[in-house]
2 protein chains.
Amino acid sequence: MLGQIVRSLGRMQQLSNGLKGVRLHQLLSKETHGHLQTSLENTRAISTVSLWPFSSQPRDFSQPNSSWSPEMRKVYDHYNTLCDPDTENGEEKRGPWRKLPSYNRSIKYAAGGIHLSKLIQAKARLFTRNVKEQGATFEYVVFVNKEEKRCVCVFQAGHLLEGAPGHVHGGAIATMIDTVTGTLAGFLSGPIMTANLNIDYRSPMPLGSVVLIHSALDRKERRKTYITCKVSSTDESKLYTEATALFVSIGVGHLFGSRN
Amino acid sequence: MLGQIVRSLGRMQQLSNGLKGVRLHQLLSKETHGHLQTSLENTRAISTVSLWPFSSQPRDFSQPNSSWSPEMRKVYDHYNTLCDPDTENGEEKRGPWRKLPSYNRSIKYAAGGIHLSKLIQAKARLFTRNVKEQGATFEYVVFVNKEEKRCVCVFQAGHLLEGAPGHVHGGAIATMIDTVTGTLAGFLSGPIMTANLNIDYRSPMPLGSVVLIHSALDRKERRKTYITCKVSSTDESKLYTEATALFVSIGVGHLFGSRN
């Protein structure tokens, strides 16, 4: 089971941007995701240990930038609006949609406690966020719907993702499928590892395309979380890729074992 | 079927480094691969049309560089030696192994003939070769064995391929599997597109690992080429990933249609 071990922890940690003082068990709790954003202000006040080891706030790669095409921006705006709270009788009410932030590195930890692993190279960066040039590789944002147990990713494929001339590499598409299905699985099931990806490529995707990646929970069976995934044009008239993914829950022991 | 359309053509074109004067049908012939290297000298003499549109020779990314670990270099040397010709009775005799070169872009073409497509961005680069820093992402070399219809890739996973902290992203592993199985399928069947990848992740792969990716022909059925793949430690004691891949042959019409 792939190098995605502890992924959902990484994602929770991504969510914890600026969360100085969040206790570890909160980060490890399955319920943490739902609370993180709303409790940002509170958690900042509790000060126990810093989980964000960098001096400055990291860049959130899922914010709009000048490389985004009008199509990318339009779809982003649509889902971003769904995340806004409604005001009823002077009270704010939030719907089921949340936008997830995205960073290019996660907090380090190792066996025995909360500290930076010396073995994990300081230079390591998340594969999908490893190129600084905006628009060159993966431009994407993930929106999750907790009630419906699904998520939508808006993805713009940059010119450095080429496979066949003028088209997106199958590995780049697989990378986004792994990323989006893994995000949903981690959101729903806590710490997980990818066990299987089964990908049907239906139609070649031109470089520069903006696509929607819809992902939904199929079922959960004990430690297994099954996710489905479809990659299509933004108007959903053209299907590029379909996939299923299987994730296996891992215990906290996996995270703090002698792996590092 | 994925953005790998025309992939094998791209690979043939990779093989055609410096092949000024090769006629197009040679590049499109299923048999071309086997002949390309041995007929290099001859084909240089025939001058019809230049298929390499760049003024200087491109960098072959599969050459050893200073980022390669001793383990990477050792495995490379082993397979590279298998590619050397034997000398018997003063005559050179070549075995079944060949090392494939690897570039970061392929020749452009479009509907109607051999010319650069204006729609394919000049900045496009092959996904697996899109980062200039040596050792940062994918360091790999593919060796093919024509007789046994299989290939071996030596792959060193750089620090920019991170998924879970300290481990290789599942998408990066999928990318290498797509690359290696697609190379073999294109080598055996001519122009192809990836139709399916089914990947079982057995064990997380630490960043910096050097692994072997063994790929072999399972069977061919009309237009379908089935390939198997295993990713393991270099001593093959540890299995990281197993996969099957399906490729579908495409006609020349696909290559020169109105796609661009």
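# Salt bridges, aromatic rings and helices in a predicted model

With a relative accessible area of 35%, B:Arg219 is partly exposed; buried stands for under 20% relative accessible area, exposed for over 50%, and partly exposed for what lies in between, with a 1.4 Å probe and protein chains only. This is a predicted model, in which local features need pLDDT of at least 70 and side-chain atom pairs count only at pLDDT 80 or more, while totals for chains, interfaces and linings use all residues. Residues are numbered from 1 along each chain as its sequence is written, chains are lettered from A and ligands numbered from 1 in the order in which they are written, and side-chain values use heavy atoms, with hydrogens and water left out.

**Overall make-up of chain A**

- Chain A has seven helices and nine strands; these are DSSP runs, helices being H or I with at least four residues and strands E with at least two, numbered from the N terminus.
- Of the 260 residues in chain A, 57% are buried.
- Among contacts in chain A with a separation of 6 or more, 66% come from residues 24 or more positions apart; a contact has heavy atoms within 4.5 Å.

**Salt bridges and charges over rings**

- The count over all chains is 15 salt bridges, each being a side-chain nitrogen of Lys or Arg within 4 Å of a carboxyl oxygen of Asp or Glu.
- In chain B, the side chain of B:Arg219 forms a salt bridge with that of B:Asp218, with N to O at 2.8 Å. B:Asp218 is partly exposed at a relative accessible area of 44%.
- In chain A, A:Arg219 and A:Asp218 are joined by a salt bridge between their side chains, at 2.8 Å from N to O. A:Arg219 is partly exposed at 34% relative accessibility, and A:Asp218 is partly exposed at 44%.
- The charged end of A:Arg219 also sits over the ring of A:Tyr226, 3.7 Å from its centre. A charge counts as over a ring when NZ of Lys or CZ of Arg is within 6 Å of the ring centre and within 35 degrees of the ring normal.
- In chain B, B:Arg129 lies over the face of B:Tyr140, 3.6 Å from the ring centre.
- B:Lys230 and B:Glu242 form a side-chain salt bridge of 3.7 Å, N to O. B:Lys230 belongs to strand 8 (residues 224-233) of chain B and B:Glu242 to strand 9 (residues 239-249) of chain B, so the pair ties together parts twelve residues apart in sequence. B:Lys230 is partly exposed, at a relative accessible area of 45%.
- A network of salt bridges links A:Asp200, A:Arg202, A:Lys230 and A:Glu242.

**Aromatic pairs**

- Over all chains there are 15 aromatic pairs. The ring centres of A:Phe138 and A:Phe155 are 6.0 Å apart and their planes lie at 25°, so this pair is stacked.
- A:Phe138 is in strand 4 of chain A and A:Phe155 in strand 5 of chain A, so the pair ties together parts that are 17 residues apart in sequence.
- Rings of Phe, Tyr and Trp (its six-membered ring) pair if their centres lie within 6.5 Å, and planes under 30 degrees apart are stacked, over 60 edge-to-face, and the rest tilted.
- A:Phe138 is buried at 4% relative accessibility, and A:Phe155 is buried at 1%.
- In chain B, the rings of B:Phe138 and B:Phe155 have centres 6.0 Å apart and planes at 25°, so they are stacked. This pair links distant parts of the chain, with B:Phe138 in strand 4 (residues 138-145) and B:Phe155 in strand 5 (residues 150-157) of chain B, 17 residues apart.
- B:Phe138 is buried at a relative accessible area of 4%, and B:Phe155 is buried at 1%.
- One aromatic cluster is formed by A:Phe127, A:Phe138, A:Phe155, B:Phe127, B:Phe138 and B:Phe155.

**Helix 5 of chain A**

- The 13 residues of helix 5 (residues 70-82) of chain A should span 18 Å, and the end C-alpha atoms are 19 Å apart, which agrees; the expected span is 1.5 Å times one less than the number of residues.
- A:Met72, A:Val75, A:Tyr76 and A:Tyr79 are buried in helix 5 of chain A. They cover an arc of only 100° around the axis, which puts them on the same side of the helix; the arc is taken from the directions from the helix axis to the C-beta atoms.
- On the other side of helix 5 of chain A, A:Pro70, A:Lys74 and A:Thr81 are exposed.
- The cover over the buried residues of helix 5 of chain A includes strand 3 (97-100), strand 4 (138-145), strand 5 (150-157) and strand 7 (210-221) of chain A.

**Helix 6 of chain A**

- The 20 residues of helix 6 (residues 170-189) of chain A should span 28 Å, and its end C-alpha atoms are 28 Å apart, which agrees.
- In helix 6 of chain A, 20 of the 20 residues are buried, so the helix is largely enclosed by the rest of the structure.
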